[in-house]
Amino acid sequence: MNLTSQVLHLARRSVIRTIRQPANWITPLVFPLALMAVNSGGLDAATSLPGFPTDSFIAFFLAFPFIQGSLFATVNAGVDLARDIQTGFLNRLALTPMQSAALLVGHLGGVIVMGVVQAAWYLSVGLLIGVRIEAGPLGMLVIFVLAVFIVLAFGSFGALAALRTGSTEAVHSLFPVFFVFLFISSMNLPRNLIETEWFQVAASLNPVSYLIEAIRSLVIVGWDEQALVLGFSISIGLAIVGLTLSSLSLRTRMART
Amino acid sequence: MRNVVSVALAVGWRMLHNNFTTPSLLIPGLAFPMFFFVAFAGGLSRVNDVPGFQFPVGYTAFQFVFVLLQSAAFAGVFTGFGIVRDFETGFARRLMVAAPDRRGILLGYGIGALGRWALTATVLTCVAMIAGMEVGGNGVDIFALYTLAALVNVIGLLWSAGVAMRFRTLQAAPIMQLPVFLSLFFAPVFVPVELLAGWLEAIARLNPVTLMLEAGRSLIAGDPAHITGAFLGALTLILLFSVWAVRGLRKAEAAGGG
């Protein structure tokens, strides 16, 4: 069995496993949209603030589900990988001729499939409730590509946590950490409208702000080169760091003794 | 009655001891309300400038009341998780065999939830004061605010205890959390109810949490409003969920506590 076939088998296993646990796919599909509904309804009045970039808070907030959905997918997939370690599945794989890289790529392949499904769902719901994507159909395609990079970046850190700790609880405990990054960002207001100075600084230092702003720019502005370059650079950079560290951890974890 | 009290004190002490000596229980309960407070009061302070938004003591106080009530409700819900753990580990079965009056078990969990929230509320209040929160209400208003929050804590506990004792598995955690989460967020969290988007305003006006939030905010501002309605609403919910929780206890007894 060659590497591609190994990757496809493991990616398929990852996807089927997700489908068989409804909580793992219902939560990322429903919860971010529920929060979007609540925040959009609650903060709709904020669009009347001078300098607010759009008159639709839903359009402004549509980027949020992409990021939160990625977090859910990441944690769920990380937990699955940690469970493979806890149950000894990884050790049994180590006894086979399977290449280590196939495990990581296959696992992340499953996360990416979930990310694409989520992106399609969020975008469809957004369009159905009347959000107009300013960057047009090509912009929607770019949103998909960016969503894939984001889910890959987060997924690689979820895999890293699973491989380093081998504990489902430890991976679960990552969720609040990710959540802090999400909330201390420009998710609710543009950074220039954040009044509290320390919060504005924290949001500006937080890479998640730039991921949100890249998707948001395509929805409410059109083609904003700076936002897109920052969004893609950060997501690709995070993915490279996460993948490198995960590969190193996997090498240790899969040491054939 | 003496039996109820002695069981309640023992169970309450155990809950508090477990909570205060187990970092994995203590830290999230303290950290999440702080985090929400910081994210909402810090990140959204500009909302104070939205046309039509008038809250005399500032946005920090406006959000403080929401986070105070939220922390109270979730301290109750998290205690429900503890009840489930007791069932899953078999402790609840032994507790039921040993307790001369099992209603004391429920009361004890209530003491645990209230003690747990008391610490969170203290830390949250200190953080808010350090952040420069303005308080317009006098001592009586503030006492009423914390009393209202304590009633919300009891509501959260009774709801989650009823669920915990019926299902007796941690898989029921979303059933405990989600309705509480939704009723809190389908309320005027970020702006007054008049400034909510149409559909959310319609839901919020039917949501009893709105009344409690508005009463709490009026108390901190020193201009009490909707107080009778909020307290009556809270007491009615306590009455209803007491029946729910006691019936849950009876179901757990019928199932042998396992």
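**Reading the fold and the contact**

Author: Chain B has 10 helices and 0 strands, where helices (H or I, at least four residues) and strands (E, at least two) are DSSP runs numbered from the N terminus. This is a predicted model, so local features need pLDDT of at least 70 and side-chain atom pairs count only at pLDDT 80 or more, while totals for chains, interfaces and linings use all residues. Residues are numbered from 1 along each chain as its sequence is written, and chains are lettered from A and ligands numbered from 1 in the order in which they are written.

Reader: Which pattern does chain B follow along the sequence?

Author: Reading along, you get α-α-α-α-α-α-α-α-α-α.

Reader: How do I read the radius of gyration of chain B?

Author: It's taken over C-alpha atoms, and the globule rule is 2.2 Å times the number of residues to the power 0.38. A compact globule of 258 residues would come out near 18 Å, and chain B agrees, with 19 Å. The C-alpha trace of chain B spans about 60 × 35 × 35 Å along its principal axes.

Reader: How many of the residues of chain B count as buried?

Author: Buried means 20 or more other C-beta atoms within 10 Å of a residue's own, with C-beta atoms placed from the backbone. In chain B, 48% of the 258 residues qualify.

Reader: And where do chains A and B touch?

Author: Two residues are in contact if their C-beta atoms, placed from the backbone, lie within 7 Å. Here chain A puts in 21 residues and chain B 22. On the chain A side, helix 2 gives the most, with 5 residues.

Note on methods:
A residue is buried if 20 or more other C-beta atoms lie within 10 Å of its own, exposed if 12 or fewer, and partly exposed in between; C-beta atoms are placed from the backbone.
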